[in-house]
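Please read it beside the sequence and the model.

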Amino acid sequence: MVPQSQDPRSLPRLLAEKAIAEGDPLAWFERFYRLALAEGYPIPWADMKPNPNLMELCERIPDLRSPTNLLVVGCGLGDDAEWLAHQGHEVTAFDISPSAITHCCRRFPDSPVDYLVADLFDPPESWQKHFKIVLESYTLQVFKGSLRNEAVLRISELISPSGLLVLISRGRNESESAGTMPWPLTRDEVDVIPELGFRELFFEDYLDRSEERPIRRFRACYQKL
Ligand SMILES: C[S@@+](CC[C@H](N)C(=O)[O-])C[C@H]1O[C@@H](n2cnc3c(N)ncnc32)[C@H](O)[C@@H]1O
């Protein structure tokens with residue numbers, strides 16, 4: 001049993017700091033899910049419902065509503081993947097945490113979603129340039145430093161020509177401190193995407209008021225050239 005403070009982010013922050021200090025910055029995800037799911041601790045990003053920021057974006061961008069093969073990066077407990085599958089997409093959803101994926105399969109036993117354990121930094125070869133839509137929401141913001149740039153590159157490689165990359169993240173100005181995990185992205189970090197051979201179709205820097213307190217977010221859609 002781990003003592004819980006009032007802030008549901010304190011446990012994942014503690015585990016993230018420890019893993020980073022140990023030089024194994026991806027180790028904390030499984031450690032956290034295993035503990036949280038076993039002990040019933042809150043998982044701060046898992047609202048157990050589809051992300052309203054994603055649902056709104058799909059309303060605004062018709063191409064996101066055309067059923068196609070779609071990959072969800074770092075799918076967590078699966079709510080976005082399930083919603084996208086119900087929109088008609090053929091969804092593959094992966095996470096580095098085996099506990100998270102096992103939980104998705106238990107929660108949605110009859111799901112059409114193909115859930116699997118995989119590491120974004122070492123994805124299956126068959127995924128290269130394979131997906132017409134790739135969704136990344138709230139995963140880049142749990143990577144720091146060079147890992148974040150590498151993650152953007154790895155994601156870009158999974159998208160087929162003319163395919164779409166959808167990004168939803170926390171946002172901040174360069175001059176603001178990144179603070180504690182989750183570490184918001186800067187516009188410069190997002191602007192590497194066009195340099196990787198994408199055309200920006202949509203970019204929004206806005207306050208998400210669906211949370212208890214407003215959160216600054218970036219929401220964007222890019223098309224691979
Ligand atoms: C902040 S959570 C967001 C989860 C989900 N996208 C959501 O919006 O609820 C980040 C997720 O990325 C997963 N993740 C972290 N590193 C990963 C990696 N290298 N490959 C795949 N998934 C990863 C974590 O296990 C976690 O589920």
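## Ligand site

A polar contact is a pair of N or O atoms within 3.5 Å; within protein, one must be able to donate a hydrogen and the other to accept it, and residues adjacent in sequence count only if both atoms are side-chain atoms. A backbone N or O atom of isoleucine 96 sits 3.2 Å from a ligand nitrogen. Tyrosine 33 uses a side-chain N or O atom, 2.5 Å from a ligand oxygen. The protein covers 96% of the 590 Å² of accessible area that the ligand has on its own (Shrake-Rupley method, 1.4 Å probe).

## Basis of the model

This is a predicted model: local features need pLDDT of at least 70, side-chain atom pairs count only at pLDDT 80 or more, and totals for chains, interfaces and linings use all residues. Residues are numbered from 1 along each chain as its sequence is written, and side-chain values use heavy atoms, leaving out hydrogens and water.

## Helix H2

Helix H2 spans residues 27-39 (helices are DSSP runs of H or I, at least four residues, numbered from the N terminus). Its buried residues include Trp28, Phe29 and Tyr33 (under 20% relative accessible area, 1.4 Å probe, protein chains only). Glycine 40 follows H2, with a positive phi near 75°.

## Alanine 19

Alanine 19 belongs to helix H1. Its relative accessible area is 0%, so alanine 19 is buried. Beyond neighbours within four places in sequence, alanine 19 contacts Asp24, Pro25, Ala27, Trp28 and Arg31 (heavy atoms within 4.5 Å).

Technical notes. Helix = DSSP H or I, 4+ residues; strand = E, 2+ residues; numbered from the N terminus. Expected span 1.5 Å × (residues − 1). Buried < 20%, exposed > 50% of the residue type's maximum accessible area, 1.4 Å probe, protein only.
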